[in-house]
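Work through the exercises below with the model open beside you. Try each task before you read its solution.

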Amino acid sequence: MHLMSRAPDTWILTADCPSMLGTVDAVTRFLFEQGCYVTEHHSFDDRLSGRFFIRVEFRQPEAFDEQGFRAGLSERGETFGMIFELTAPNYRPKVVIMVSKADHCLNDLLYRQRINQLSMDVVAVVSNHPDLEPLAGWHGITYYHFPLDPNDKPAQEAKVWQVIEESGAELVILARYMQVLSPDLCRKLDGKAINIHHSLLPGFKGAKPYH
């Protein structure tokens with residue numbers, strides 16, 4: 001998922017595969033052969049999982065065949081067992097933001113979306129408190145207030161999940177949502193949720209940091 005704004009002709013390629021020699025060469029050589037100009041490149045080898053990760057931003061040539069690019073990279077990456085994702089320049093993921101009472105994270109996210117510094121469309125704000133509804137309303141975003149009953153947390157999370165599903169959200173941002181998500185909701189959000197923490201750990205670690 002890629003939220004930071006970028007040049008209108010810039011694509012993003014992310015890929016991962018089992019760690020082995022030649023991965024960077026295979027990806028960058030393929031981009032060169034396609035006439036693509038690399039503007040930014042990052043890679044990381046995770047020794048614990050034995051997987052290699054690469055992220056490349058590139059500018060496409062004037063005549064860019066996306067389907068041909070995908071087919072060619074799939075063939076090239078087959079040797080490496082590579083999984084990749086290609087993000088188009090105009091891509092804006094649908095996002096649900098979850099909050100509690102503190103407004104600074106939500107305010108910053110909505111402001112950055114409004115000035116197009118974050119390429120995303122916030123489709124809903126969900127909270128266990130009503131406090132931030134005016135802020136969401138000022139930005140024209142639907143606000144869902146689902147009070148939390150400590151004795152029936154699954155019922156509240158079911159409503160949260162319904163909003164996420166029905167809105168078509170591709171990403172959920174926990175922006176000072178001061179609740180520990182249940183294992184069930186964590187499984188549903190696997191790979192599509194991020195949490196904002198406003199300091200380096202262990203600062204502001206909360207009541208149950210190892211819960």
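## Exercises on an aromatic cluster and a helix

A single aromatic cluster is formed by W11, F30, F58, F64 and F69. The model is predicted.

**Exercise 1.** Classify the ring pair of W11 and F64, and state where each residue lies.

*Solution.* 
- Start with the count: there are six aromatic pairs.
- In the pair of W11 and F64, the centres are 4.9 Å apart and the planes stand at 55°.
- Planes under 30 degrees apart would be stacked, and planes over 60 edge-to-face. The pair of W11 and F64 is therefore tilted.
- Now place the residues. W11 is in strand 1 (residues 10-18). F64 is in the loop between strand 3 (51-59) and helix 2 (66-77). They are 53 residues apart, so the pair links distant parts of the chain.
- Last, check W11 for burial. Buried means under 20% relative accessible area. W11 has 7%, so W11 is buried.

**Exercise 2.** Classify the ring pair of F30 and F69, and find which parts it ties together.

*Solution.* 
- The ring centres of F30 and F69 are 5.1 Å apart, with the planes at 65°. The pair is therefore edge-to-face.
- F30 belongs to helix 1 (residues 23-33) and F69 to helix 2. The pair thus ties together parts 39 residues apart in sequence.
- F30 has a relative accessible area of 3%, so F30 is buried. F69 has 0%, so F69 is buried.

**Exercise 3.** Describe helix 2: its span, its buried residues and its N-terminal end.

*Solution.* 
- Helix 2 has 12 residues. From first C-alpha to last, helix 2 reaches 16 Å, close to the 16 Å expected.
- Its buried residues are F69, L73 and G77. They cover an arc of only 50° around the axis, so they sit on the same side of helix 2.
- The buried residues of helix 2 pack against strand 1, helix 1, strand 3 and strand 4 (83-87).
- At the N-terminal end, D65 is the cap: one of its side-chain oxygens is 3.3 Å from the backbone nitrogen of Q67.

**Exercise 4.** Is P61 buried or exposed, or partly exposed, and which residues does P61 contact?

*Solution.* 
- P61 sits in the loop between strand 3 and helix 2.
- Its relative accessibility is 22%, so P61 counts as partly exposed.
- Leaving aside neighbours within four places in sequence, P61 contacts Q34, G35 and C36.
- P61 and G35 are 26 residues apart in sequence, and their C-alpha atoms are 5.8 Å apart.

Notes
Residues are numbered from 1 along each chain as its sequence is written. This is a predicted model: local features need pLDDT of at least 70, side-chain atom pairs count only at pLDDT 80 or more; totals for chains, interfaces and linings use all residues. Side-chain values use heavy atoms; hydrogens and water are left out. Rings of Phe, Tyr and Trp (its six-membered ring) pair if their centres lie within 6.5 Å; planes under 30 degrees apart count as stacked, over 60 as edge-to-face and the rest as tilted. Helices (H or I, at least four residues) and strands (E, at least two) are DSSP runs, numbered from the N terminus. Buried means under 20% relative accessible area, exposed over 50%, partly exposed in between (1.4 Å probe, protein chains only). The expected span of a helix is 1.5 Å times one less than its number of residues. The arc is that of the directions from the helix axis to the C-beta atoms. Contact means heavy atoms within 4.5 Å. A polar contact is a pair of N or O atoms within 3.5 Å; within protein, one must be able to donate a hydrogen and the other to accept it, and residues adjacent in sequence count only if both atoms are side-chain atoms.
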